[in-house]
Amino acid sequence: MHDSAPLHGHPGRLVTAGVAVLLLAVTSGSAARTQPPASAPPVRVVVVGDSLSTGHGTSPQEAWPALMRTDPAVTGLEVVNAAEDGSGYLSLGDYNGTFGTQVDDFVTPDTGIVVFFGSENDLGYASADVGDAALAAMDKAEALAPEARIIVVGPPSYTTDPDPGLVDISDQLRTATARAGGEFVDPIAQGWISDDFDDLIGPDGDHPTVLGQHYLLEHIGAYLEQAAPAAAAALEERPDPRRPADWTS
């Protein structure tokens, strides 16, 4: 067994070791500071709607919400399609759902945007009742996701001479949206699809073709792109429910 040499007998080793440790610390700190920040999580978007959003007449994969998931022009969104054929604010869908039950089933606290689209299925109901049901659905969305942006897209008409009942529904939705603090989009006033009906609407005269779904993607997607930055910022700033109320950094 050999005795260990005292450390003070090798000052060169000490200096070298000290420099190495210092360089390691500096390099590690620099690397930590220069790492790119983690990318922001996608904004969760819940689409509440009817057969115009399910891909009826084409396929679910061709519906505009599904197309939005893969469209490079619309990035940073996680799209959840809650739409149900036949549903409306009052109209029961194929599975007895309404726009209100879609909100109940799919809107969560981390939802950043809720899109309501439609619905002509509410024709035949009193327009004031449709407005009341719409406001209730929007209020429920806000209660479930307080930070979410609400975008309400009224029913399209496809013609320059719209059904008066659709106009009444659209007017009720405009009023309800204003009361809920959301953004209203009026396809009737904007003349959606009416200039290219033959290419955009299928043989049943009601549901979009593949081109029609891309048309909806382009038009509705533009509003989502505009809303996404504010939605992301609001979600980022919301209180962390895991922290105690009196927690401070």
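This is a predicted model: local features need pLDDT of at least 70, side-chain atom pairs count only at pLDDT 80 or more; totals for chains, interfaces and linings use all residues.
## A strand enclosed on both faces

Let's start with β1, which covers residues 43–49. Seven of its seven residues are buried, so the strand is largely enclosed by the rest of the structure. In a regular strand, side chains alternate between the two faces of the sheet. Here both faces are covered: one side carries Val43, Val45, Val47 and Gly49, the other carries Arg44, Val46 and Val48, and all of these are buried.

## Partners of β1

Strand β2 (residues 77–81) pairs with β1 in the parallel sense through five bridges. Within this pairing, Val47 sits opposite Asn81 of β2. To get from β1 to β2, the chain passes through helix α2 (residues 64–70), and this β-α-β crossover is right-handed.

β1 also runs parallel to strand β3 (residues 111–117), joined to it by six bridges. If you look at Gly49, you will find Phe117 of β3 opposite.

## The nonpolar cores

The largest nonpolar core has 30 residues, and Trp64, Leu77 and Ile113 touch the most other members. At least two residues of this core come from each of β1, α2, β2, β3, β4 (149–153) and α8 (210–237). Helix α8 gives the largest share, nine residues.

How values were computed: Residues are numbered from 1 along each chain as its sequence is written. Side-chain values use heavy atoms; hydrogens and water are left out. Buried means under 20% relative accessible area, exposed over 50%, partly exposed in between (1.4 Å probe, protein chains only). Helices (H or I, at least four residues) and strands (E, at least two) are DSSP runs, numbered from the N terminus. Two strands pair if DSSP finds at least two bridges between them. A crossover is right-handed if, with the strands pointing away from the viewer, the path from the first strand over the helix to the second runs clockwise. A nonpolar core is a set of buried Ala, Val, Leu, Ile, Met, Phe, Trp, Tyr and Cys residues joined through side-chain atoms within 4.5 Å.
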